[in-house]
Amino acid sequence: MVLSDRDIKRELAAGRIRVEPLDEKDIQPASVDVRLGSNFRIFKNSSNAYIDPTVEQHGLTESIDVPEGETFVLHPGQFALGTTLERIAVADDILGKLEGKSTLGRLGLMIHSTAGYVDPGWDGEITLELSNVATLPIVLHPGMRIGQMSFERMSSPSERPYGSKGLGSHYQGQSGATPSSRLKD
């Protein structure tokens with residue numbers, strides 16, 4: 001069942017959902033708005049001929065930190081990794097789902113390809129998979145509302161929440177735009 005704003009506030013107060021930092025006005029009827037962080041990762045196209053997901057590839061991406069007050073331009077057809085400003089944590093019986101803001105989607109901005117699911121037990125910033133499917137560049141401002149996180153209560157707590165020993169949870173506690181665990185930068 002999707003949590004309402006009342007339930008989200010109750011879970012926040014109990015510490016079973018954490019969104020830090022959180023502005024109360026970001027709590028929507030059935031979600032919490034999340035904002036864009038200032039760290040991005042772009043692919044180094046000039047020094048790599050291809051991506052092979054079956055092998056470790058060193059130096060495939062580079063990190064970019066956008067200084068305060070400046071912007072990141074995402075060009076048509078470009079893919080980049082970004083991050084939420086907020087650190088999100090959920091209890092072992094709650095899962096999160098990240099979706100883009102409709103206003104930005106109508107401009108051609110997609111914020112995730114496949115990583116919109118936040119497992120029970122997750123704790124960290126969310127890496128965004130940013131794609132511009134428009135025909136014009138899109139200017140991204142760190143701090144802007146970029147997506148919305150909804151939460152669902154599970155039928156019972158997860159037996160092995162994200163981050164459990166032996167589960168292979170590569171991204172627990174991540175901070176900043178984090179590349180694929182197959183890449184070594």
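The legends below guide you through several close-up views of this predicted model.

This is a predicted model in which local features need pLDDT of at least 70 and side-chain atom pairs count only at pLDDT 80 or more, while totals for chains, interfaces and linings use all residues. Residues are numbered from 1 along each chain as its sequence is written, and side-chain values use heavy atoms, with hydrogens and water left out.

View A. Helices (H or I, at least four residues) and strands (E, at least two) are DSSP runs, numbered from the N terminus. Strand 7 covers residues 79–90, and nine of its twelve residues are buried, so the strand is largely enclosed by the rest of the structure. Here, buried means under 20% relative accessible area, exposed means over 50%, and partly exposed lies in between (1.4 Å probe, protein chains only). Two strands pair if DSSP finds at least two bridges between them. Strand 1 (residues 17–20) pairs with strand 7 in the antiparallel sense over four bridges, and Arg 18 has Ala 89 as its bridge partner in strand 7. Strand 3 is also antiparallel to strand 7, with two bridges; look for Ile 42 opposite Ala 80. Eight bridges join strand 7 to strand 11, again running antiparallel. There, Ala 80 stands opposite Leu 130.

**View B. Asn 39 and its polar partners.** Asn 39 lies in strand 3 and counts as buried, at 12% relative accessibility. Which side chains make polar contacts with the side chain of Asn 39? One is the side chain of Ser 63, at 2.9 Å, and another is that of Asp 65, at 2.8 Å. A polar contact is a pair of N or O atoms within 3.5 Å; within protein, one must be able to donate a hydrogen and the other to accept it, and residues adjacent in sequence count only if both atoms are side-chain atoms. Contact in general means heavy atoms within 4.5 Å. Not counting residues up to four places away in sequence, Asn 39 touches Ser 63, Ile 64, Asp 65, Leu 81, Gly 82, Thr 83, Gly 176 and Ala 177.

**View C. Ser 38 in its loop.** Ser 38 sits in the loop between strand 2 (32–35) and strand 3 (39–43). Is Ser 38 buried or partly exposed? With a relative accessible area of 32%, Ser 38 is partly exposed. Leaving out residues up to four places away in sequence, Ser 38 touches Ile 64, Asp 65, Val 66 and Pro 142. Glu 86 is 48 residues from Ser 38 in sequence, and the two are 11 Å apart in space, C-alpha to C-alpha.

**View D. Ser 131 in strand 11.** Ser 131 belongs to strand 11 (residues 123–132). This serine is buried, with a relative accessible area of 14%. Beyond its neighbours within four places in sequence, Ser 131 is in contact with Leu 74, Gln 78, Phe 79, Gly 108, Leu 109 and Met 110.

**View E. Two aromatic pairs.** Rings of Phe, Tyr and Trp (its six-membered ring) pair if their centres lie within 6.5 Å; planes under 30 degrees apart count as stacked, over 60 as edge-to-face and the rest as tilted. By this rule, there are two aromatic pairs. Phe 40 and Phe 72 are stacked, at 4.1 Å centre to centre and with 5 degrees between the planes. They link distant parts of the chain, with Phe 40 in strand 3 and Phe 72 in strand 6 (residues 72–74), 32 residues apart. Both Phe 40 and Phe 72 are buried. The rings of Phe 43 and Phe 79 have their centres 6.0 Å apart and their planes at 40 degrees, so this pair is tilted. Phe 43 in strand 3 and Phe 79 in strand 7 are 36 residues apart. Phe 43 is partly exposed at 23% relative accessibility, and Phe 79 is partly exposed at 30%.

View F. Seven bridges join strand 8 (residues 94–100) to strand 13 (residues 145–153), and Lys 97 stands opposite Ser 150 in strand 13.
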